[in-house]
Amino acid sequence: MANQGAAGGRSRVLVIGGGIAGSYIAKTLQFHGNLTLIDPKEYLEIPWASLRGMVEPTFAERSLIQHKHYLTGSRLVVSNAIDIFDSDVLTSEGHSIPYDYLVIATGHGDPLPKTRAERLEQYQAENQKIKAAQSILIVGGGPTGVELAGEIAVDYPDKKITLVHKGSRLLEFLGFKASKKALDWLQLKHVEVKLEQTVNLEDVADVSKLYKTSAGETIQADCGFLCLGKPLASSWLKNSILRDSLDANGSIIVDENLRVKGRENIFAIGDITNIKEMKQGYFAKKQASVAAKNLKLLLSGGNESKMSTYKPSSAKTFVSLGRNYAVAQFSLTTMIGLGPGLIKSKDLFVGKTRKELDVDSHVVH
């Protein structure tokens, strides 16, 4: 693989997707090649901080970071990538962007507005919705539903919150102890939890604001939030040159070096990969770090045999419960309380992420 760009200058590195994985690798590689980031929005949203932004919109101002504030040495194309060819990528506006090396980091599909200002307006609207409601229905008992219930219960203890989950326990990706601790904590905060039931938020009589569950129960709620998993953002690849590199779930199959199966100059990182580990920001950063090392090696003409390998792992997992508490699962033990809360819940790692991206040293809001 030649590592000289078309003009005989530095190699062209193209990163698709400006979530955590894409942003981190773009920042790391921006001075090692001629780098372009393609993202449909002008900013990085720190995903695990978004629920706090709904109850405290000013928090969102720190968790939405303009791409240009950390990508000082690269080009940003605000668009959707819609097709991939052997040496270029097509955007929704019909532009063709060439590459020597490509990194796909499109993660999960989450249609967010193009500008940071529009996204902040959305947070204000969600906050008004919560403030105005006396009763709130949350559908989904994974980390998003549990964390949202916790945020609202702590900030607005007078509101009636009902959480409906189709599974037999909350946070099914964690062990039974962690699930039970989270359930007990929510119930202590007067959140009503209904397990093994589903509810359709579309199916509501507007006047009465009554929702019917699959078990025939009725829930009265002034507003509802759907907190279910989002689909992978890979459907655009199904007719591309990478169609044979997708598994049955739409994940991109990568090798131990994070290269896409069958491709020497295309990498994939973050939630979009088929790596068997939890889809978390912590792992997205780790994958970005390994892929960046490998790309630096290739960009400098190094030997492929020296590429770093990525080893999946089960790291410690934190689920926030409001501002001060969290439930944490480590490899050998489960904890709940202020200790784990101090690690995650207070700032939700926003300060740490901003520091890693080095945005505060030269940005004034």
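Predicted model: local features only at pLDDT ≥ 70, side-chain atom pairs only at ≥ 80, totals over all residues.

Analyst: Residues are numbered from 1 along each chain as its sequence is written, and side-chain values use heavy atoms, with hydrogens and water left out.

User: Why is methionine 335 called partly exposed?

Analyst: Its relative accessible area is 35%. Buried means under 20% and exposed over 50%, with partly exposed in between (1.4 Å probe, protein chains only). Methionine 335 therefore counts as partly exposed. The residue sits in strand β20 (residues 334–337).

User: What makes lysine 209 buried, exposed or partly exposed?

Analyst: Lysine 209 has 33% relative accessibility, so it is partly exposed by that scale. It belongs to the loop between β13 (199–205) and β14 (210–213). Aspartate 222 is 13 residues away along the chain, with 6.0 Å between the C-alpha atoms.

User: How are two packed helices described, and what are the values for α1 and α8?

Analyst: Two packed helices are described by the angle between their axes and the distance between the axes. The axes of α1 (residues 20–29) and α8 (residues 281–299) come within 8 Å and cross at roughly 35 degrees. Axes are lines fitted to C-alpha atoms over the stretch in contact, and angles run from 0 to 180 degrees between N-to-C directions. The crossing is right-handed, the near helix being turned clockwise from the far one by less than a right angle.

User: Which residues of α1 and α8 meet?

Analyst: Contact means heavy atoms within 4.5 Å. Among the α1 residues that meet α8 are Ile20, Tyr24 and Leu29, and the α8 side includes Ala284, Ala288 and Leu295. By class, this contact has 10 nonpolar, two polar and two charged residues.

User: What makes a space a cavity, and how many cavities of 30 Å³ or more are there?

Analyst: On a 1 Å grid over the protein atoms alone, a cavity is a set of points where a 1.4 Å probe fits but cannot get out; lining residues have an atom within 4 Å of a point. The count is one cavity of 30 Å³ or more. The largest cavity holds about 40 Å³ of space, and its lining includes Gly270, Met278, Phe283 and Gln287.

Terms used
Helix = DSSP H or I, 4+ residues; strand = E, 2+ residues; numbered from the N terminus. 1 Å grid on protein atoms, 1.4 Å probe; cavity = no way out; pocket = protein on both sides within 12 Å on 5 of 7 lines; lining within 4 Å. Points joined across faces, edges and corners; volume = space filled by probe spheres on them. Nonpolar A, V, L, I, M, F, W, Y, C, P; charged D, E, K, R; others polar.
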